Amino acid sequence: MQTSLKLTVAAAVLLSLGACASKPKPVAEETAPVEVVDTTPAPTETVEETVVAPTGPLAGSLDDFRVNVGERVYYDLDGYRLDSDDQEILKRQAAWLASYPKVRILVAGNCDERGTREYNLALGERRASVVKDYLVSLGVDPSRIDTISYGKERPIAAGSDEQSWALNRNGFTQIVSGSTS
Amino acid sequence: MKRILMALATAFLFATSFALPSAAQLQVRVTDGNFTPTPLAIPDFQISGTNAELARQISDVVRADLTSTGLFEMQNPASFIQKDLSLDVQPRFADWKIINTDGLVVGQYEELPDGKIAVSFRLWDVYAGEVMRINGQPGRRLTTTPDNWRRIAHKIADSIYTRLTGEDPYFDTRIVYIAETGPKLERVKRLAIMDSDGANQQYLTPGRNTVLTPRFSPSAQEITYMSYEGGKPRVYLFNIETGRQELLGNFPGMTFAPRFSRDGQSVLLTQAQRGNSDIYIMNLRTRESRRLTDHPAIDTSPSMSPDGDAIVFTSDRGGSPQLYIMNADGSPRTCPSGGRDAACRITFGKGSYSTPVWSPRGDLVAFTKQSGGKFYIGVIGVDGKGERLLTEAYLDEGPDWSPNGRVIVYFRESRPGAGPQLWSVDLSGRNEQRLKTQTDASDPAWSPLLQ
């Protein structure tokens with residue numbers, strides 16, 4: 001069988017991946033929730049005999065808020081309503097915020113892993129907003145409260161079980177600024 | 001580093017005839033219920049040059065692409081009788097019939113004087129005893145630089161797939177996803193990209209900020225996604241070619257769940273304000289945005305129909321997350337149930353439904369379903385009829401369509417505590433398979449066909 005070959009270059013498409021493709025432009029550090037710094041005083045060597053009174057966290061400190069007030073409320077499955085336990089915690093938060101009027105807070109809404117990502121982002125926003133609204137109803141100036149949703153991106157319990165999921169469905173009140181160090 | 005990813009010249013070869021043009025018999029039906037893969041023989045390509053290894057690799061990728069569809073079965077080379085195949089000589093069909101091969105691909109690899117490589121191939125219908133024309137030509141020849149050899153292989157596989165199935169091609173594409181590393185409580189999430197077959201994996205963001213839900217523009221090498229940059233969760237555009245990231249819009253609240261319109265000219269997204277999430281559309285040229293839903297329930301995850309007339313989304317206005325369709329212009333819609341409403345609910349099965357994605361063909365919506373402690377990927381007609389569940393696992397989430405609408409990619413956590421992995425499944429529900437990634441991976445999205 002006779003075959004004649006004819007070559008025709010039909011199209012030449014050139015597409016180049018620019019220099020930055022593997023080196024995206026630098027991005028600013030996230031102002032992520034600030035981890036509480038352990039401010040436990042170092043043990044003091046004393047020659048003289050002194051009575052050291054047991055001390056709790058410094059009043060107005062991050063530890064004070066965490067230990068004596070409570071920083072998280074917990075939601076039912078798929079829920080966003082505050083039960084009486086949650087309301088007690090938020091009342092303590094409001095009272096504490098009244099005592100330390102320079103403090104600003106960020107309320108984060110969190111969800112368990114048993115939902116889809118985008119719906120959970122919306123649900124987390126709704127949860128954070130419910131906390132904010134309740135604090136505002138107790139007299140906290142809304143301008144002191146920011147909200148954020150992490151959806152299912154910020155679990156605090158690593159397990160994949162009912163107990164972990166219950167812990168991960170929370171509203172997290174975090175001191176952003178203005179606390180005693 | 002400047003890297004030429006692709007420099008590809010295609011050429012049609014062989015202007016003149018082989019066998020007389022009678023209709024070839026070989027046709028693979030992708031939707032048949034009782035399905036048997038079509039046997040194909042693709043011997044290693046003939047070599048005109050020195051790099052036999054590269055020629056074999058190209059043949060391997062062609063075979064792997066076609067095998068990955070589940071539609072074809074590659075014949076064992078040990079069974080091949082004819083060893084003296086040549087691109088320009090008709091094969092001895094009897095030698096291929098006797099090993100029950102329906103289709104035979106004969107290819108030739110060449111090294112060109114300018115340093116480029118060229119691959120030519122022909123597809124033979126063994127039983128009809130004739131060459132199968134591709135775009136009217138009895139063969140195809142593709143040329144590129146040696147480092148870009150995988151795209152030649154994908155284009156050859158696309159040609160064969162399209163010729164045999166009648167479906168549009170999809171191998172010469174990429175998949176963007178979120179690469180996950182680190183312990184569960186301190187997950188690092190980076191934007192990453194790979195070829196459709198998992199080759200050439202690379203990170204696009206450094207992981208300092210959590211990034212989520214990337215989606216490809218249907219018309220350009222551009223992505224929209226959500227990032228927590230600056231501590232604010234917002235929707236960005238990301239240009240793959242330049243690496244440039246750009247904040248989309250000036251919304252006071254959190255923006256998330258972005259997705260391009262099918263023409264690539266707009267982005268649909270969700271804004272949450274004071275706890276309520278509603279859907280907006282932003283025109284990328286004018287940068288004007290328009291609110292599309294105004295409801296106290298959660299409305300999110302919008303996806304536009306290919307004709308741009310309607311939008312499917314997730315809403316919990318009925319008490320649990322379900323799928324709804326609204327008209328893109330906000331006008332009332334005639335619902336399948338008969339009534340007219342701002343939005344028509346299309347899911348009524350047990351459980352909740354979310355992450356709807358309208359198919360490129362327009363007739364189906366892919367979704368994630370959650371019911372009875374399991375997650376499923378499924379499809380449903382836009383009229384709410386014909387729901388089919390394609391997959392089931394501890395967690396299956398976030399489907400996206402191949403550009404030809406035949407394959408769905410999604411992510412799976414196979415059991416409690418297992419990290420997420422990328423999987424794909426044929427629209428028929430057959431051929432579930434894992435796409436291997438170097439790290440855990442989630443939120444896959446398919447690119448359009450590369451240009």
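Axes here are lines fitted to C-alpha atoms, for helices over the stretch in contact, and the angles between them run from 0 to 180 degrees between N-to-C directions. Helices (H or I, at least four residues) and strands (E, at least two) are DSSP runs, numbered from the N terminus.

This is a predicted model, in which local features need pLDDT of at least 70 and side-chain atom pairs count only at pLDDT 80 or more, while totals for chains, interfaces and linings use all residues. Residues are numbered from 1 along each chain as its sequence is written, chains are lettered from A in the order in which they are written, and side-chain values use heavy atoms, with hydrogens and water left out.

Taking contact to mean heavy atoms within 4.5 Å, 75% of the contacts in chain A between residues at least 6 apart in sequence join residues at least 24 apart.

| Helix pair | Axes come within | Crossing angle |
|---|---|---|
| H1 (residues 62-69) of chain A and H2(A) | 10 Å | roughly 150° |
| H2 (residues 84-99) of chain A and H3 (residues 117-137) of chain A | 9 Å | roughly 55° |

Angles under 35 degrees count as roughly parallel, over 145 as roughly antiparallel, 65 to 115 as roughly perpendicular and the rest as oblique. With axes that cross at roughly 150°, H1(A) is roughly antiparallel to H2(A). In this pair A:Asp64, A:Phe65, A:Asn68 and A:Val69 of H1(A) meet A:Ile89, A:Arg92, A:Gln93 and A:Trp96 of H2(A), and these residues divide into 4 nonpolar, 2 polar and 2 charged. In that count Ala, Val, Leu, Ile, Met, Phe, Trp, Tyr, Cys and Pro are nonpolar, Asp, Glu, Lys and Arg are charged, and the others, Gly among them, are polar.

For the second pair, the axes of H2(A) and H3(A) cross at roughly 55°, which makes H2(A) oblique to H3(A). The contact is made by A:Gln87, A:Leu90, A:Lys91, A:Gln93 and A:Ala94 on the side of H2(A), and by A:Val131, A:Tyr134 and A:Leu135 on that of H3(A); 5 of these residues are nonpolar, 2 polar and 1 charged.

**Chain B and some of its residues**

The secondary structure of chain B comes to 3 helices and 34 strands, and 58% of its 451 residues count as buried. Its C-alpha trace spans about 75 × 55 × 45 Å along the principal axes. Of the contacts in chain B with a separation of 6 or more, 48% are between residues 24 or more positions apart.

B:Ala257 is found in strand E16 (residues 254-260) of chain B, where it is buried at a relative accessible area of 1% and has a positive phi of about 55° although it is not a glycine. B:Asn431, also a residue other than glycine with a positive phi, near 65°, lies in the loop between strand E32 (421-426) and strand E33 (433-435) of chain B and counts as partly exposed at 27% relative accessibility.

B:Thr286 is placed in the loop between strand E18 (276-283) and strand E19 (289-291) of chain B, and its relative accessibility of 37% counts as partly exposed.

Terms used. Buried means under 20% relative accessible area, exposed over 50%, partly exposed in between (1.4 Å probe, protein chains only).
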